[in-house]
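Biologist: I have this one open and want to go through it with you. Can we start with the ligand?
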Amino acid sequence: MKTSYEKFDVFIAGGNITGLICAIALSKNKIKIGCCDPNIDINNFNFEDTRSTAILRPGKEFLESLNIWKKLNNSCLPLDKMEIIDDNKIFKKFSHFKNYIFDSQELLNKPFGWNVKNNVLKKTLIELVRKNKNIKFFSKQSFEKLLIKKRTIVIKLSNLKIETKLLIGADGLNSKVKKSIKVKQTLIDTRQKALSFQVEHEKSHKNISTEIYKDGGPLTFVPTKYRDKMNYSSVIWMSYSKEIEKLTNLPKNEFKKLLFERSLGIYGKLNLKSNLNVWNVNTMFVEKLCHNNVILVGEAAHVLPPIGAQGLNTSLKDISILNELFQNKKKLSYQELLREYETKRMPDIKKKIFSILLLNEVVKSNSVPIMFIRRFGIEIISKLGFLRKNIMRFGLN
Ligand SMILES: Cc1cc2nc3c(=O)[nH]c(=O)nc-3n(C[C@H](O)[C@H](O)[C@H](O)COP(=O)(O)OP(=O)(O)OC[C@H]3O[C@@H](n4cnc5c(N)ncnc54)[C@H](O)[C@@H]3O)c2cc1C
């Protein structure tokens with residue numbers, strides 16, 4: 001007897017930010033989408049993610065085109081300027097720290113990006129998915145294995161089977177989809193971790209996102225919406241794994257004292273407003289993005305250290321290109337669509353991986369020559385208008 005499975009045009013394994021946005025985008029093409037996640041229950045939202053995401057200009061435009069932005073707009077704060085402080089032990093001997101400001105007005109009359117709390121972003125996306133008749137979300141269900149047939153793929157979830165024409169792996173760094181199609185990945189352990197938390201501070205952030213460079217990694221303050229206050233930020237403290245582990249075990253008062261010293265007092269007194277979350281800092285890329293009718297997107301395909309807000313913004317590009325190809329689907333077979341996706345995304349992903357990896361190495365280094373290069377590099381970039389603009393443009397694209 002023939003088994004009948006629930007059928008989809010596209011099935012997405014992984015329903016975190018990338019998977020949810022991908023489902024919403026592709027559903028606009030009036031196709032039947034399925035999505036599953038073992039850690040998400042769309043009827044009972046209780047996440048604790050103390051991070052925020054800085055969505056850069058192109059990402060915002062894409063979310064506008066999907067009508068997601070209008071739901072987020074009131075929860076975002078614009079990032080008008082970016083400040084870099086090089087807290088460099090060599091130069092500190094001779095002078096106080098030095099700061100460099102990069103102003104978004106130099107490029108276009110718009111902010112670099114808009115910052116939104118991850119909890120707010122996820123909640124908004126889940127609400128949109130719940131209301132979307134073209135999407136069926138399988139809460140608490142995990143992708144287990146697949147069987148590739150001539151025209152379709154049969155997928156085994158935790159306790160049911162489904163059939164789909166296209167499978168998208170949005171299931172993160174340790175993606176089972178990626179393993180099932182035997183795609184090789186290169187994983188670089190940066191020996192760093194990141195702490196995320198929210199703080200209230202004495203002085204206003206003036207919509208400036210600040211990165212304080214020091215060996216081990218940057219300490220980043222990103223202005224975050226909290227009522228009408230201008231003194232609330234999301235913080236990412238990156239450093240060597242051992243230092244981060246020590247920080248998480250400190251009594252609250254000692255942690256606050258160290259945070260104040262590490263922030264050079266630029267925000268005045270700091271008050272912790274959330275728990276601390278610890279994140280591994282990895283760099284990962286894959287040898288290919290597609291196999292048969294299976295595609296990898298988001299952190300299943302590329303993982304970047306949290307510098308320069310590139311992680312989700314790179315994933316938004318994956319989804320935007322995939323969506324464009326779907327809009328032209330009538331002219332393309334699935335095989336052609338997959339090939340186009342690989343051709344369009346791979347060079348950009350490699351460029352991002354290489355540049356963020358290099359930036360991270362330069363920022364975290366405690367080698368004297370690299371510290372000199374870091375200081376003079378920032379100095380030159382901040383002085384030369386054409387170079388400064390080109391680097392800002394690169395960071396945004
Ligand atoms: C500290 C930090 C700060 C960051 N800040 C920024 C920023 O400012 N701007 C920016 O652009 N990016 C940022 N990023 C990156 C951004 O957070 C990620 O890109 C984002 O979380 C999206 O990841 P993802 O959905 O692709 O993968 P993940 O978040 O890893 O989600 C994968 C999902 O797949 C699910 N899953 C796992 N296995 C299975 C399975 N077998 N079947 C089905 N589902 C499965 C998981 O439960 C999970 O929900 C930051 C990252 C870190 C660590």
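Predicted model: local features only at pLDDT ≥ 70, side-chain atom pairs only at ≥ 80, totals over all residues.

Biologist: Fine. How many residues surround the ligand, and which are the closest?
Modeller: The ligand is surrounded by 34 residues, and the closest are Gly 14, Asn 16, Gly 172, Gly 298 and Gly 311.

Biologist: Which elements give two or more residues to that shell?
Modeller: Those are the helices α1 (17-27) and α9 (311-327), plus the strands β2 (33-37), β3 (52-56) and β12 (185-201). The largest share, four residues, is from α9.

Biologist: And how do the shell residues divide into nonpolar, polar and charged?
Modeller: There are 14 nonpolar, 15 polar and five charged residues in the shell.

Biologist: Which domains does the shell draw on?
Modeller: Domain 1 (6-57 + 117-187 + 284-359) and domain 2 (71-116 + 189-281 + 367-396) each supply at least three residues.

Biologist: Back to α9. Is α9 mostly covered or mostly open?
Modeller: Mostly covered, with twelve of the 17 residues in α9 buried. Among the buried ones are Gly 311, Asn 313, Lys 317, Asp 318 and Phe 326.

Biologist: What do the buried residues of α9 pack against?
Modeller: They pack against α1, β3, α2, β19 (294-296), β20 (302-303) and α10 (334-364).

Biologist: What span should α9 have, and how far apart are its ends?
Modeller: With 17 residues at 1.5 Å a residue, α9 should span 24 Å. The end C-alpha atoms are 25 Å apart, so the two values agree.

Biologist: Is Asn 67 buried or exposed?
Modeller: Asn 67 is exposed, because it has 11 other C-beta atoms within 10 Å and the cut-off for exposed is 12 or fewer.

Biologist: What about Leu 264?
Modeller: Leu 264 also is not a glycine, and its phi is positive, near 60°. Leu 264 lies in the loop between α8 (252-262) and β16 (270-272). It has 16 C-beta neighbours inside 10 Å, so it counts as partly exposed.

Biologist: Last one: how do β9 and β10 run, and how many bridges join them?
Modeller: Strands β9 (residues 143-148) and β10 (residues 153-157) run antiparallel and are joined by five bridges. Phe 143 has Leu 157 of β10 as its bridge partner. The two strands form a hairpin, with four residues between β9 and β10.

Technical notes. Residues numbered from 1 in each chain as written. Near = placed C-beta within 6 Å. Nonpolar A, V, L, I, M, F, W, Y, C, P; charged D, E, K, R; others polar. Domains from an automatic or database assignment. Buried ≥ 20, exposed ≤ 12 C-beta atoms within 10 Å, placed from the backbone. Pairing = 2+ DSSP bridges. Expected span 1.5 Å × (residues − 1). Contact = placed C-beta atoms within 7 Å.
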